[in-house]
Amino acid sequence: MRNVFHPVFLLLAALTSFTGALEVIYAQLGETATIKPPEIDDYKKHYVYWQLEDRPSDVDALVWRNPWGRWGTLSDDRWKGRLSLSRDSLIIKDVQETDFETFVFKRDPSGTPTKYKLLKLTVSVTPSSPLLPGDSLTLSCSAQTLQGHKDPQIQWLNPSGEKMKKGPAPLTLKVTSRDSGQWICVVTNDKKENKAKVSVTVLDLSPALLRPQYTSKSWPLTVPCSLPAHISWQQIKAKDLQEVHWHFVPESGRTPQRLFSLSLKDPLTWEKDQNRELRSAADLQKGNLSLTRSRGNEEDQGDYVCTMKFKNGVLLNRTVHVKVLQITSSPGTDLISGQQLNLTCSVGHPTPSDLQLKWVPPEQSSLTPDRHLAHFTVPEVGTADGGKWRCELWQSGALLTSAEITLKIEPKLSLWMLVVICGAAVIVILLLILAFILYRRRQRMTHLSRRLCKCKTPKPRGFYRT
Ligand SMILES: *[C@@H]1O[C@H](CO)[C@@H](O)[C@H](O)[C@H]1NC(C)=O
Ligand SMILES: *[C@@H]1O[C@H](CO)[C@@H](O)[C@H](O)[C@H]1NC(C)=O
Ligand SMILES: *[C@@H]1O[C@H](CO)[C@@H](O)[C@H](O)[C@H]1NC(C)=O
């Protein structure tokens with residue numbers, strides 16, 4: 001690089017170092033560092049050189065690009081495959097201990113060099129293994145400093161992005177499940193932010209459902225509970241897991257029942273207590289603790305609690321509220337046409353306002369119940385209204401569950417038919433009685449006449465009369 005020795009360049013170089021125009025960039029070992037020079041719009045029309053300060057020759061440029069779009073990288077063993085350009089920014093992958101040097105950027109061979117010092121940022125988490133809520137955690141973030149430069153500002157952000165205590169001193173806290181996730185150490189110097197991320201795992205069950213699980217007699221029941229995908233049984237067991245169980249607290253106010261307990265011997269298996277015909281999920285070994293049944297029933301309404309207990313007394317639990325959708329018919333399901341009918345579809349209390357009910361009458365029925373009312377009255381049912389009535393529970397376009405009821409409606413006419421049949425039967429009986437009476441009468445007459453003839457030797461009547 002011939003221009004390095006140009007007097008103007010030397011002067012500029014002297015000026016920049018004199019004014020301390022050395023920008024500091026932080027990077028973590030093993031991570032990717034990006035060094036971004038001042039941007040210009042027509043950057044493609046210029047040469048670009050990225051060099052090390054102590055190897056100022058163009059031939060030794062780490063990365064270069066010419067205005068025709070050709071570019072190249074130094075491919076010695078030290079840098080091989082780790083350097084690239086993004087616009088004019090230098091990207092260094094998998095930062096090594098030896099990379100913390102001064103980098104020089106030049107736009108065009110005779111351009112003003114800009115210097116960047118790569119400094120080491122170290123973050124650490126103690127302990128690095130997964131934690132239980134209540135465990136103590138120490139996060140430290142240390143930034144290498146440059147003599148003559150102000151110390152950078154250090155600030156931790158928790159996984160929700162909230163700012164924690166400032167300062168270079170390590171941050172110590174008792175974790176809750178909200179602390180699980182990526183923590184970010186923000187190092188600010190010269191108004192420029194550098195971020196380093198570390199991940200913290202706090203063991204817990206998957207987040208609770210925000211709404212109840214709905215079921216019905218014609219709908220499956222699922223009571224979900226599981227370990228988050230990134231947490232394994234090994235990690236849980238390593239924290240001295242004592243017991244895992246399911247409890248059911250019926251809404252009817254009856255005493256709570258223990259449904260299942262987990263046997264912690266390998267392979268994990270559920271032991272039934274009062275299982276209420278519930279089945280456990282097939283992928284228990286993968287952390288799925290859910291319970292299911294192909295159909296719900298009225299007694300399922302209540303709270304299901306999935307609990308993990310650890311030797312140090314920590315309890316992790318999730319409660320699933322189960323609601324059962326039911327249709328009730330008054331006065332019953334066997335009706336005669338013309339009767340008044342009240343149908344009610346509910347989960348036992350007013351339907352929450354963000355849920356919608358939808359009635360689906362039998363196909364042949366001409367009734368169009370107000371779709372969103374839990375209760376409706378049919379003043380006079382007809383035979384066409386018999387059959388399967390369905391009531392669906394929807395939430396913003398998703399079907400939560402549906403319940404069914406089958407109504408049997410006899411035609412009113414059959415009453416008249418009954419009257420006719422009874423009448424006919426009565427007539428037949430009367431006729432039979434009449435026939436019997438007549439028969440008896442005739443029999444008695446014959447008997448009488450025989451007795452009259454026995455007293456004398458039978459002779460033709462008439463002759464002896466005279
Ligand atoms: C757990 O199992 C239940 C029932 O088999 C299933 O519905 C659910 O999607 C599973 N959950 C996970 C997280 O795999
Ligand atoms: C759930 O766990 C909390 C502590 O984390 C405890 O206070 C609560 O009583 C538990 N609930 C049930 C139903 O076990
Ligand atoms: C139906 O409900 C109404 C009030 O909503 C009530 O007056 C009527 O007696 C009910 N009928 C039957 C058959 O239950």
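This is a predicted model: local features need pLDDT of at least 70, side-chain atom pairs count only at pLDDT 80 or more; totals for chains, interfaces and linings use all residues.
The side chain of N288 places an N or O atom 2.4 Å from an oxygen atom of ligand 1. Considered alone, ligand 1 exposes 360 Å², and the protein buries 43% of that area.

In S330, a polar side-chain atom lies 2.6 Å from an oxygen atom of ligand 3. In N342, a polar side-chain atom lies 2.3 Å from an oxygen atom of ligand 3. The side chain of Q340 approaches a nitrogen atom of the ligand instead, with an N or O atom at 2.8 Å. Taken alone, ligand 3 exposes 360 Å², of which the protein buries 45%.

The chain that carries these sites is divided into four parts: domain 1 (2-120), domain 2 (127-200), domain 3 (213-324) and domain 4 (326-410). Attention is given here to the pair formed by domain 2 and domain 3. Their centres, taken over C-alpha atoms, are separated by 36 Å. The contact between them involves 5 residues from domain 2 and 6 residues from domain 3.

The size of an interface is often expressed as the accessible area that is lost when the parts come together. For domain 2 and domain 3, the buried area is about 510 Å², and carbon and sulfur atoms give 65% of it. On the side of domain 2, the residues that lose the most area to domain 3 are P130, L132 and P133, which together account for 81% of what that side buries.

Charged and polar interactions were also found between the two domains. The count between domain 2 and domain 3 is 1 salt bridge. A salt bridge joins K239 and D135, whose closest N and O atoms are 3.2 Å apart. Across the interface of domain 2 and domain 3, 2 residue pairs are in polar contact. By class, the side of domain 2 that touches domain 3 has 4 nonpolar residues and 1 charged residue, with no polar residues.

Note on methods
Residues are numbered from 1 along each chain as its sequence is written. Chains are lettered from A and ligands numbered from 1 in the order in which they are written. Side-chain values use heavy atoms; hydrogens and water are left out. Domain bounds come from an automatic or database domain assignment. Contact means heavy atoms within 4.5 Å. Buried area is the accessible area (1.4 Å probe) that two parts lose on being put together, summed over both. A salt bridge is a side-chain nitrogen of Lys or Arg within 4 Å of a carboxyl oxygen of Asp or Glu. A polar contact is a pair of N or O atoms within 3.5 Å; within protein, one must be able to donate a hydrogen and the other to accept it, and residues adjacent in sequence count only if both atoms are side-chain atoms. Ala, Val, Leu, Ile, Met, Phe, Trp, Tyr, Cys and Pro count as nonpolar, Asp, Glu, Lys and Arg as charged, and the others, Gly among them, as polar. Accessible areas come from the Shrake-Rupley method with a 1.4 Å probe; for residues, only the protein chains shown count as cover.
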